[in-house]
Amino acid sequence: MRRSTHTFKNKPVDIKILTEIFTYGSYAPTHYMKEPWNIKLYQGKGRKEFVDAIIASYVRIGMIKNDDDPKSLKLIDSMSNFLLSVPHHALIYMEKEADTIRYEEDYAAVCAFIQNTQLAGWEYGVGMLWTITPYMNDPLFLKDIGLDSEVFKIAAVLQIGYPDKVSLVNRRTPIEKKMELIE
Ligand SMILES: Cc1cc2nc3c(=O)[nH]c(=O)nc-3n(C[C@H](O)[C@H](O)[C@H](O)COP(=O)(O)O)c2cc1C
């Protein structure tokens, strides 16, 4: 069992625990043992540069207006405050493979790493939200955080912390509906 966490307690997770959780993540299957996952972990004061880069990207791609309208300023404020309230942001990235098949294999392995990490986190009482948002495809965002977009792809950002509230409501389709038994 695991559920996405959308709101977190204002309490950081010890780096030793996070390292153990990512270690479990790293037992994901990986073709050619490439272990294509890399992590930039933003926490504490380090979150500010990450959040500033996100807001700059949202302005650049037009998701937030760059004007002095109080509405835009309020939006920037609430977005920044929310992002800064998340104890840890783990940006998961991989090297881009020119070969499509290798690229898919690497992305699949990175997704397995992310899911293993989420499952391991759950065992430690640590909640996560797997996010994919438009700034991840903004080359200037990657530049701002020190990555060359020609070389690297951001797979996801995991928001991490101790859950405040988690909905345990079961919203899954019975798997039999997706199963075809051939015998
Ligand atoms: C590739 C991927 C991207 C996701 N991106 C987001 C996201 O940007 N924001 C979000 O709230 N949830 C995101 N999710 C989480 C799903 O919305 C979530 O798993 C779903 O709502 C079911 O909730 P559960 O994980 O608690 O079962 C993403 C999940 C995946 C696999």
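Student: Is Ser80 buried or exposed?
Tutor: Ser80 is buried in this predicted model. Its relative accessible area is 15%, and buried here means under 20%.

Student: Which element does Ser80 lie in?
Tutor: Helix α3, which covers residues 70-85.

Student: And what is Ser80 in contact with, leaving aside neighbours within four places in sequence?
Tutor: Val51 and Ile55.

Student: Switching to Met136. Where is it found?
Tutor: Met136 sits in the loop between β4 (127-131) and α5 (139-144).

Student: Buried or exposed, for Met136?
Tutor: Met136 has 4% relative accessibility, so it counts as buried, the cut-off being under 20%.

Student: What is Met136 in contact with, neighbours within four places aside?
Tutor: Thr131, Leu142, Ile154, Ala156 and Val157.

Student: How far apart are Met136 and Thr117?
Tutor: In sequence, 19 residues; in space, 20 Å from C-alpha to C-alpha.

Student: On to the cores. Which residues of the largest nonpolar core touch the most other members?
Tutor: Ile92 and Ile160, out of 21 residues in that core. At least two core residues come from each of α1 (15-25), β3 (88-95), α4 (100-123) and β5 (152-161).

Student: Which element gives the most to this core?
Tutor: α4, with five residues.

Student: Where does Met136 go, then?
Tutor: Met136 belongs to a second, separate core of 19 residues, which also includes Phe50, Ala53 and Phe141. In soluble globular proteins, nonpolar side chains tend to be buried together.

Student: Back to Ile92. What does it touch, not counting residues up to four places away?
Tutor: Ile92 touches Trp37, Asn38, Ile39, Val110, Phe113, Ile114, Lys153, Ile154, Ala155, Ala156 and Leu158.

Student: New topic, the ligand. Which residues surround it?
Tutor: Arg2, Arg3, Ser4, His6, Leu129, Trp130, Thr131, Ile132, Arg171 and Arg172. By type, that shell divides into three nonpolar, three polar and four charged residues.

Student: Which atom of Ser4 lies 2.6 Å from an oxygen atom of the ligand?
Tutor: A polar side-chain atom of Ser4. For Arg2, a polar side-chain atom is 3.0 Å from a ligand oxygen. With Ile132, a backbone N or O atom lies 3.2 Å from an oxygen atom of the ligand.

Student: How much of the ligand's accessible area does the protein cover?
Tutor: The protein covers 62% of the 630 Å² that the ligand has on its own.

Notes
Residues are numbered from 1 along each chain as its sequence is written. This is a predicted model: local features need pLDDT of at least 70, side-chain atom pairs count only at pLDDT 80 or more; totals for chains, interfaces and linings use all residues. Side-chain values use heavy atoms; hydrogens and water are left out. A nonpolar core is a set of buried Ala, Val, Leu, Ile, Met, Phe, Trp, Tyr and Cys residues joined through side-chain atoms within 4.5 Å. Buried means under 20% relative accessible area, exposed over 50%, partly exposed in between (1.4 Å probe, protein chains only). Helices (H or I, at least four residues) and strands (E, at least two) are DSSP runs, numbered from the N terminus. Contact means heavy atoms within 4.5 Å. A residue is near a molecule or strand if one of its heavy atoms lies within 4 Å of it. A polar contact is a pair of N or O atoms within 3.5 Å; within protein, one must be able to donate a hydrogen and the other to accept it, and residues adjacent in sequence count only if both atoms are side-chain atoms. Accessible areas come from the Shrake-Rupley method with a 1.4 Å probe; for residues, only the protein chains shown count as cover. Ala, Val, Leu, Ile, Met, Phe, Trp, Tyr, Cys and Pro count as nonpolar, Asp, Glu, Lys and Arg as charged, and the others, Gly among them, as polar.
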